[in-house]
Amino acid sequence: MDDKNTLLAVLQYLEKHNLKGTVDLLRKEANLGEGTPSSQCPPSDSDVSSMLAAYKSEGDPEKYEEAYTDLKKFVEGALDIYKYELGMILYPVLVHMYLELLFNNHEDQAKRLMDKFGTDQEDYFQDDLKKLSHVCKKDHLNGNELTDTFTKNEFIIRMSRDTLSILKRHLAEKKHSVVQNIIQEHLYLDMYEGVARNKQQIDATSGAMIGEASRADNKARVYYGLLKEPDVSNAALEEEDEEEDGGDKPKKKKSKKDHLYPKKSKSDPNAPPVDRMPLPELKEAEIREKVKAMRDSMKRVNLGPETLPSVCFYTLLNANQSVTCAEISEDSSLLAVGFNDSFIKVWTLVPTKLKSMKSADQLKDIDREAEDVLVRMMDDRSSEPCRTLLGHSGPVYRVAFSPDRQLLLSCSEDSSIRLWSLLTWSCVVCYKGHTYPVWDVRFSQHGYYFATGGHDKTARLWATDQHQPLRIFAGHYSDVDCVQFHPNSNYIATGSSDRTVRLWDCVSGSQVRLMTGHKGQVLCLCFSVEGRFLASAGADSRVLLWDLAHGHLLAELCGHTASVLSLAFSREGSVLVSGSTDCTLKIWDFTKLAEAIALEDVNISHNPDIKKDSNTFLLRTYATKNSPILSLHFTRRNLLLAVGLYDSQS
């Protein structure tokens, strides 16, 4: 019956505006026939004429304050079991009442409403409310990013069936049309079956700019498993044999080699198909690098409560106002630092100095078939411990090394991304696609692909040999502050100033996970070694851990007192480290955390239990004297490298 009333209301609206052709088509498709008068439509909540006007005036502007006061009293007087879920509608209703009053030129009443009830809202909404309070005239609404976000998108609230029926009953009794219209037009009440959530459960997932994730947001399947690693054991054995033949040492037994390079285990059932995402083939140099990494991993220290990592801290002096970012290469041999004045500096962290390639005339005489051709190409006379790269015309916000260490990416306020050759120490490509500053850039673990995020609210997937992006990921409501590739390179995670974390499928370009719970902008992301979990942190000083299988928040690690800028998992995945601007570095027991989660049946309903006992999982806190921590990196043998800049002002 409700559907028929809605159709009749639409017909009535179309007839009123003399849209006869559309009326006839709608009658035909809905099988209403000519004899069904649209005037039969009773005046009801389904009248679309109110829905089509975004902010229809309710006449008396004083009714808004009265209606909101009444709604607030109803929420506060509700039973405790329903009170907290009902309370979630207070913030979006206040925002839309304020905007509606402004739209209808009731500026004084709008200001009074905001002054009276704005401070009652949750702390994490106060920044948005402060920005809204600067919008104080109808003319200010046009083109304002925040008001556009609220007017063009529904605020999502998840509610149990019982809570929703109580709310509907209240609205029907009170007949506050202003509240009814706002809930009907601008809120999406995502109903679920089950017990209403308590305050702790609601607080854990609330805080995003326009509400929580709906159940439909996290239903797509995610292939979070790892791809089967290429078999490099033959190359490793050949290399060992060469070493043994050349030296006087007795040959190792075959069984020992078999132990070092065991046969590959079966592929991960949660891994994506091998051909799902086209990945580059390994070059000889990369195979040799993998062999080296495999050997290093044999000497790796397995970390845990009894064996905490040693930490080597690099402090950047006299650079408090000028350094913007720092990054260490995968093999821990290079450090790149970006500066406010558009410089990039690259230092070597090993005894080998940085050489540049010989001139074209000298390269002609080199034997290209020689095994050490790359070594011969480099000019020994050009050795330096540090190199400077110039090209950007604004602050450099992020630098990223390619897995083979031959390339470096950088992004800047000048809205460009530059690809630098670390053989010639020059810029080889300038990628342009973002229209505003680019905050983050990351290489895929398999090379070739890279991802960026910026002020234009988008993240983009690129390939090094294409000057245009392959995918544009649009969906965030504010800046994309950080991006990170999944270890299998099939997905990209993004963190934003809209206080959400999202996961995007590189193949389809679609959003497959939406995770809410942060109370401030998200500044860093890190995937666990096996690919199942994602850690995120940011301006709210907390580290959150997410389960990618279902998109649920699993744990909330507190302890930092300022923004967390960097996260890193140890090489075998047993330890998670977070670095903050509070000049501390915290080490968390991820093995214990994963076991605690595994012991319980993962609750895939609306209210999973979230681990909040941070002290249980905190292994150690290391403090620097006055150096906020910019970057963290584990070497292949699990030595922790940290980079910070000495703050002489504080």
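This report describes selected helices, strands, salt bridges and surface features of the structure above.

The model is predicted, so local features are reported only where pLDDT is at least 70 and side-chain atom pairs only at pLDDT 80 or more, while totals for chains, interfaces and linings use all residues. Residues are numbered from 1 along each chain as its sequence is written, and side-chain values use heavy atoms, with hydrogens and water left out.

The buried residues of H4 include Tyr-64, Tyr-68, Leu-71, Lys-72 and Phe-74, where buried means under 20% relative accessible area, exposed means over 50%, and partly exposed lies in between (1.4 Å probe, protein chains only). The buried residues of this helix pack against H5, H6 (90–103), H7 (107–117), H11 (161–174) and H12 (177–186).

Lys-72 counts as buried because its relative accessibility is 18%, whereas Glu-76, at 48%, counts as partly exposed.

Helix H5 (residues 80–87) contains Ile-81, which counts as partly exposed because its relative accessibility is 42%. Together with Leu-79 and Val-195, Ile-81 forms a nonpolar surface patch with about 300 Å² of accessible area. Patches are made of residues with over 30% relative accessible area and no salt bridge, with like charges joined within 9 Å and nonpolar side chains (Val, Leu, Ile, Met, Phe, Trp, Tyr) within 5 Å; accessible areas come from the Shrake-Rupley method with a 1.4 Å probe, and for residues only the protein chains shown count as cover.

Strand E30 (residues 629–634) is mostly covered, with six of its six residues buried. E30 pairs with strand E31 (residues 640–645) in the antiparallel sense over five bridges, pairing being assigned if DSSP finds at least two bridges between two strands. Gly-644 in E31 is the bridge partner of Ile-629. Five residues lie between the strands of this hairpin, in which Asn-638 takes a positive phi near 75°.

Arg-636 forms a salt bridge with Glu-330. This pair links distant parts of the chain, since Arg-636 lies in the loop between E30 and E31 and Glu-330 in the loop between E4 (323–328) and E5 (334–339), 306 residues apart. Arg-636 is buried, with a relative accessible area of 7%, while Glu-330 counts as partly exposed at 32%. Both belong to a salt-bridge network that also links Glu-289, Asp-331, Arg-405 and Arg-571.

| Salt bridge | N to O distance |
|---|---|
| Arg-636 and Glu-330 | 2.6 Å |
| Asp-440 and Arg-442 | 3.6 Å |

Both Asp-440 and Arg-442 are buried.

**A buried loop glycine**

Gly-304, in the loop between H16 (284–298) and E3 (311–316), counts as buried because its relative accessibility is 10%. Gly-304 touches Val-575 and Leu-619, not counting residues up to four places away in sequence, contact meaning heavy atoms within 4.5 Å. Gly-304 and Val-575 are 271 residues apart in sequence and 6.7 Å apart in space, C-alpha to C-alpha.

Methods
Salt bridge = Lys/Arg side-chain N within 4 Å of Asp/Glu carboxyl O. Helix = DSSP H or I, 4+ residues; strand = E, 2+ residues; numbered from the N terminus.
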